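Hello,

Here is the structure I promised to pass on. My notes follow below it.

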Amino acid sequence: MAISIAPGAVVAWEAESPSDRRLGVVLGELSETAKYVVASASWGIGGDQTVNIQAEDFVRRPVDEDDDLQISHLDTSTLPADSLTVVGQISGPALSRALRARITDTSRWFYETYHHPRRTEANTSAVPYSGRVFDHRELEFAVEASLDFWLTLGRFGERLQRDLARYLGVRRTVLVNSGSSANLLAVSALTSSLLGDRALRPGDEVITTACGFPTTVNPILQNDCVAVLVDTDPGSGNVDVTQLEAALTERTKAVILAHALGNPFNIDAVLDFCRRHELWLVEDTCDALGSTYRSPAGPALVGRFGDLSTLSFYPAHHITMGEGGAVNVVSDPMLVRAVESLRDWGRDCWCDSGQDNICGKRFSWQLGDLPQGYDHKFVYSHVGYNLKPTDWQAAIGCAQFEKLPEFNRLRRRNWELLREAFGRYEDLFELPYPEDGSDPSWFGFKVLPRPDAPFGRSEIVGFFESHRVQTRMIFGGNLIRQPAYWDRVRADGTPAVRTVGQMTGADRIMNSGFFIGVYPGLTEAHIERVGNVLDQFVDGLSAGAVAMPGVVDLRRAARDLSPRRQAVRDLREQTGPSRL
Ligand SMILES: Cc1ncc(COP(=O)(O)O)c(C=O)c1O
């Protein structure tokens with residue numbers, strides 16, 4: 001009869017001779033072979049490559065042994081059952097630690113073999129606008145989450161929510177499945193009856209800016225409110241704050257604005273406007289995790305200035321979890337309740353998935369007309385959604401979060417290098433600049449040819465793309481030009497979108513602007529290549545190769561220091577490049 005040995009058995013066997021007696025732990029059986037995979041083990045003090053088994057980890061401890069057992073999880077032999085003598089047994093959790101360690105190490109090898117950048121991104125012949133930047137940690141964490149098989153948001157989700165809240169200095173961070181969901185959740189939370197008179201009602205107005213990403217604006221329409229679009233300043237890419245007052249009516253209840261391409265909007269002006277008129281402020285921080293703005297206590301991370309802020313963890317963003325996002329509640333406990341409830345089906349209960357009865361009154365609440373003691377887990381106080389991500393996504397986010405400081409450093413460096421490259425042609429391009437008082441962690445480098453430049457966006461974008469420098473439009477441009485918003489009406493048939501001003505800034509960006517990448521996967525050599533492609537483009541202009549009539553030698557002209565450019569250079573020397 002075949003001998004059966006349980007996984008986790010501590011076994012002894014003779015190797016070459018009776019005097020060569022070995023010790024090991026059975027990791028598992030090779031299917032249908034009656035052979036076992038046995039990891040070497042020894043008594044004593046362990047090292048990096050071993051899993052430590054202590055007294056409490058034994059179900060049955062071998063007699064006469066008081067030391068810890070060290071399992072060398074990578075050093076295994078395949079042995080027939082009849083060669084093994086069972087001398088003890090470790091617990092299931094202890095065995096799972098050894099198995100996890102082995103799988104984690106194997107995942108690292110897989111990363112090294114298959115994903116390592118030297119094999120996939122070694123050359124600079126292409127300059128993508130974004131890409132995944134990860135190492136073995138992301139893979140290991142994702143595998144860990146698979147082994148947990150918790151499925152829905154679990155320990156990694158809790159950890160990432162806590163880490164992000166601590167990093168940003170906000171009361172609560174709530175993970176969701178995308179940045180768009182985060183914006184939907186943030187604006188929807190403002191409709192909660194928990195907010196009393198300040199809650200958004202159908203027909204109320206929410207101010208935003210015309211140029212940007214559609215899902216910053218869509219939640220206003222999805223909540224049957226009116227989106228009031230003010231113009232965008234083409235230089236900063238952000239809201240033109242001089243038009244905020246003109247946008248105000250007695251129905252205005254909130255402002256939602258993105259920090260465009262990582263560049264903080266004029267927070268001082270917007271906050272002042274919101275405070276004077278008692279308006280909610282939602283910062284769409286999807287493109288700006290790590291950007292800072294001045295505050296009385298010194299530079300502070302954006303995402304903590306408004307009432308709510310949102311994050312996106314799509315791969316192009318500062319950190320990724322594949323698909324994902326988050327809502328940050330800066331301080332208001334009512335908003336915490338509204339956000340959590342709306343994310344989780346609209347339920348009133350605040351227990352996380354897998355938790356029960358945190359309030360201790362699960363079966364004793366009396367709420368409205370509901371039967372006394374109706375299970376609080378099934379009481380719904382909002383018309384909610386289920387916007388949660390999974391724990392796999394959160395696990396990848398945890399590994400990415402560890403890299404955020406370095407990612408931010410590289411984004412800033414790449415932007416500065418690009419600015420130097422484009423700065424050679426200031427007569428052709430209106431250069432981007434950080435908002436006064438800010439230090440952006442950039443999402444991208446905005447390129448805006450001057451109105452009198454002897455070429456259009458199509459020429460330069462075509463040239464860049466043909467030289468494998470990837471470009472992107474500045475999202476939807478002026479959103480009122482997009483078909484989705486033409487003649488958009490509310491439920492009662494009244495207009496859902498109102499514009500303020502001439503929209504010349506937003507149109508300018510839509511007609512001429514684009515951006516290129518600064519993501520941390522780009523090396524200095526990549527950026528140098530962008531500079532070379534730019535030089536070639538300008539050379540081509542002067543040689544007439546880009547088919548621009550009337551251009552003589554633009555490159556020389558661009559390099560010819562006009563008094564204005566000299567003044568800019570002097571100022572840059574005084575203040576440093578990032579202030580210009
Ligand atoms: C400013 C802004 N808000 C929201 C989003 C939406 O994020 P997601 O793609 O995760 O839905 C994006 C996406 O790029 C964005 O740039």
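First, a term. A pocket, on a 1 Å grid over the protein atoms alone, is an open set of points where a 1.4 Å probe fits, with protein on both sides within 12 Å along at least five of seven lines; lining residues have an atom within 4 Å of a point.

Now the ground rules. This is a predicted model: local features need pLDDT of at least 70, side-chain atom pairs count only at pLDDT 80 or more, and totals for chains, interfaces and linings use all residues. Residues are numbered from 1 along each chain as its sequence is written, and side-chain values use heavy atoms, without hydrogens or water.

**Pocket.** The largest pocket is lined by 32 residues. Phe213, Asp287, His317, Phe443 and Phe475 lie nearest its centre. Its volume is about 490 Å³, taken as the space filled by probe spheres set on the grid points, which are joined across faces, edges and corners. Helices H5 (179-189) and H6 (214-222) each supply at least two lining residues. H5 gives the most, with 3. Helices here are DSSP runs of H or I, at least four residues, numbered from the N terminus.

**Cores.** A nonpolar core is a set of buried Ala, Val, Leu, Ile, Met, Phe, Trp, Tyr and Cys residues joined through side-chain atoms within 4.5 Å. Buried means under 20% relative accessible area (1.4 Å probe, protein chains only). The largest core has 46 residues, and Leu190, Leu308, Leu335 and Val339 touch the most other members. This core lies between domain 2 (152-352 + 383-392) and domain 3 (406-478 + 502-579), because both give residues to it. The domain bounds come from an automatic or database assignment. A second, separate core of 30 residues includes Leu431, Phe514, Leu522 and Ile527. Leaving aside neighbours within four places in sequence, its partners include Leu190, Trp280 and Leu308.

**Helix H10.** Gln400 is in H10 (residues 391-423). Gln400 is buried, at 3% relative accessible area. A polar atom of its side chain lies 2.8 Å from the backbone oxygen of Val133. Not counting residues up to four places away in sequence, Gln400 touches Val133, Phe134, Glu138, Ile319, Thr320 and Phe407.

Leu404 is also found in H10. Leu404 is buried, at 1%. Beyond its neighbours within four places, Leu404 is in contact with Tyr167, Leu289, His318 and Ile319.

Best wishes

Key: Buried means under 20% relative accessible area, exposed over 50%, partly exposed in between (1.4 Å probe, protein chains only). A polar contact is a pair of N or O atoms within 3.5 Å; within protein, one must be able to donate a hydrogen and the other to accept it, and residues adjacent in sequence count only if both atoms are side-chain atoms. Contact means heavy atoms within 4.5 Å.
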